[in-house]
Amino acid sequence: ARVRGTCEVEYECFYNYDFDSNGLFHYLGSEGGALTFRSPAVMGQVLVSYSSFSPESRRCDLVNRQFDDAFYSEDLPNSSMTIDLGRYRRFTPTDYTICHGEDNFLREWVYEGSNPIPTGPGADQKEENWDILAEHQSENEEGFRTETFDIPDCADRKYQRFRIRNTGYNSNEKHILAMVAFEMYGFLYQYTNQLKNLKKKKK
């Protein structure tokens, strides 16, 4: 069933500098600054998934702000990393930040958003169409450690799921997607009626 309730702005995540305390995942992992930051993936606030794992990759969640672990996909076309905010949250992005490892720098990739629509009784039976929010081609010839990219023309779009997808060769002429950390900035929306009911059920 579709989500019902009032979708209201909860927090405005303004970008100040790379991996500052204003980002979406820092907000969720600190419960709005009320607690010491923990990975929102460990807390169950978001779900991080990958198209594949290289045998050399550590299973870091990319939103834990631990910059000593790196994720590497297998050397496959369209390798991707996806973050799901949950069915009661939506986000309008204005900027996003990527931190790389020491090699396999992204050169051609897209940043995408999606709102999965249930099509059957099973949780996995969903229709999903991805919108390209930003596209990068033949960039960063020398690579970059950390960089933030703005999202043009996204003011009226709200999404539940976001994805970084490799669309070409990286700096080592491979299809490997390599990342250390990820953050997003913009406007967080919550279906307030649904969240209140969910919190009551957990008590």
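Begin with the open sheet of five strands, whose order is β2-β4-β11-β6-β9 and whose pairing is antiparallel. Strands here are DSSP runs of E with at least two residues, numbered from the N terminus, and two strands pair if DSSP finds at least two bridges between them. The model is a predicted one, in which local features need pLDDT of at least 70 and side-chain atom pairs count only at pLDDT 80 or more, while totals for chains, interfaces and linings use all residues. Residues are numbered from 1 along each chain as its sequence is written, and side-chain values use heavy atoms, with hydrogens and water left out.

Select residues 47–50 and 131–136 next: these are β2 and β9, the edge strands, each of which pairs on one side only. From one strand to the next, the twist averages 15 degrees; the axes are lines fitted to C-alpha atoms, and angles run from 0 to 180 degrees between N-to-C directions.

Now move to residues 109–114 and 161–166. These are β6 and β11, which run antiparallel and are joined by six bridges. Within this pairing, select V110; its bridge partner in β11 is R165.

The tour continues with the salt bridges, each defined as a side-chain nitrogen of Lys or Arg within 4 Å of a carboxyl oxygen of Asp or Glu. The structure holds five of them.

Select R65 and E183, which form a salt bridge with their closest N and O atoms 2.6 Å apart. R65 lies in the loop between β2 and β3 (71–72), whereas E183 lies in strand β13 (residues 181–191), so that the pair links parts of the chain 118 residues apart. Both R65 and E183 are buried, meaning under 20% relative accessible area, with exposed being over 50% and partly exposed in between (1.4 Å probe, protein chains only).

R161 belongs to β11 and D84 to β4 (residues 80–84), 77 residues apart. Both R161 and D84 are buried.

Next, select E173 and R107, whose salt bridge has its closest N and O atoms 3.4 Å apart. E173 is in the loop between β11 and β12 (178–179) and R107 in the loop between β5 (89–99) and β6, so the pair ties together parts 66 residues apart in sequence. E173 counts as partly exposed because its relative accessibility is 48%; R107, at 16%, counts as buried.

Finish by selecting E112, R163 and R165, which are linked in a network of salt bridges.

Technical notes
Helix = DSSP H or I, 4+ residues; strand = E, 2+ residues; numbered from the N terminus.
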